[in-house]
Amino acid sequence: MARNAEKAMTALARFRQAQLEEGKVKERRPFLASECSELPKAEKWRRQIISEISKKVAQIQNAGLGEFRIRDLNDEINKLLREKGHWEVRIKELGGPDYARIGPKMLDHEGKEVPGNRGYKYFGAARDLPGVRELFEKEPTPAPRKTRGELMKDVDAEYYGYRDEDDGVLLPLEAQYEKQVVMEAVQKWKKDRESRLSGEKQQEEEEEEESIYTVHNDEPDDDDESREEQEGEEGGVAFIAHVPVPSQKEVEEALVRRKKMELLQRYASETLQAQSQEARTLLGL
């Protein structure tokens, strides 16, 4: 271990001692801006801080420094910015210009204003760090709705389909589809015609067959009345009635009795109806 006397004799120690004697020692910036009472020195310390900020902003543009180094540089830059603000306030108190009001805005290397949140700003590669980019992403603004007048400007003949045939594509497709539809309709008509003709032919064959229910009259045609009863409407074919058929007179009498009963039930009292029914019973009607 070198002794203190030997350390004092080194070239660096002698050089520093000579500077102290000549008064050329580099003065350190005060920790607090309030400790400075001279306006030129305050301006000097402000320019020094701006120079340090410029150097660190140039360093932070390198994305290969690593996430931790970039975060440290960004913190140091923000610390220097706060210190610069303190010196600007002190300069204003000493009677100097108000740099906070007339000073330029903080811009990045692209000439854009540095984004930040509540006074903390991000520079260079710090804006691409995980969790930082999401802070500055803005939601896309919705497209403004068009007015009715703006919408009507786009309405023309093409909107209503009057120019659909101008491209020369629609007409050949329509002609092809029309031929196909016509062929399908013709085939359907032919099938219907064949089925209808075959049905009529089969019906004629069935009519030509002899009906098992027809009875031919072999008796002589002496009695006109019996002949009218047995003659049919077509071809003189007679049918046998297995139930008694009422005559026209009997049908009229039945209708008259039914009408009397309806009128009697509608206008007569219950007593009169009972008497009428009793009299009908006694008469055997």
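**Notes on helix packing, salt bridges and a tyrosine patch**

1. Let's start with Glu262, which counts as partly exposed at 36% relative accessibility. Its salt-bridge partner is Arg258, with N and O 3.8 Å apart. Arg258 counts as exposed, at 56% relative accessibility. Both residues sit in helix H10 (residues 248-267), four residues apart, or about one turn of the helix. Keep in mind as you read on that this is a predicted model.

2. Now the overall layout. The protein has 11 helices and two strands, and along the sequence the pattern reads α-α-α-α-α-β-β-α-α-α-α-α-α. Of its 285 residues, 13% count as buried.

3. Helices H3 and H4 are worth a look as a pair. H3 covers residues 39-59 and H4 covers residues 67-93; the two pack with their axes 9 Å apart, at an angle of about 160 degrees. Because angles over 145 degrees count as roughly antiparallel, H3 is roughly antiparallel to H4. The crossing of H3 past H4 is left-handed.

4. Back to charges: the structure holds nine salt bridges. One of them joins the side chains of Glu52 and Arg29, at 3.4 Å from N to O. This pair links distant parts of the chain, 23 residues apart: Glu52 belongs to helix H3, while Arg29 is in the loop between helix H2 (11-22) and H3. Glu52 is partly exposed, with a relative accessible area of 26%, and Arg29 also counts as partly exposed, at 23% relative accessibility. Neither residue counts as buried, because that label needs a relative accessible area under 20%.

5. Another salt bridge to check is Lys92 with Asp98, where the closest N and O atoms are 3.6 Å apart.

6. Last, the tyrosines. Which residues make the nonpolar surface patch of about 470 Å²? They are Tyr159, Tyr160 and Tyr162. Tyr159 lies in the loop between helix H7 (148-153) and helix H8 (170-208). With a relative accessible area of 58%, Tyr159 is exposed.

Methods:
Residues numbered from 1 in each chain as written. Predicted model: local features only at pLDDT ≥ 70, side-chain atom pairs only at ≥ 80, totals over all residues. Heavy atoms only, no water. Patch = residues over 30% accessible without salt bridge, like charges linked within 9 Å, V, L, I, M, F, W, Y side chains within 5 Å. Areas by Shrake-Rupley, 256 points an atom, 1.4 Å probe, with all protein chains shown as cover. Salt bridge = Lys/Arg side-chain N within 4 Å of Asp/Glu carboxyl O. Buried < 20%, exposed > 50% of the residue type's maximum accessible area, 1.4 Å probe, protein only. Axes fitted to C-alpha atoms, helices over the stretch in contact; angles between N-to-C directions. Parallel < 35°, antiparallel > 145°, perpendicular 65-115°, else oblique. Left-handed = near helix turned anticlockwise from the far one by under 90°.
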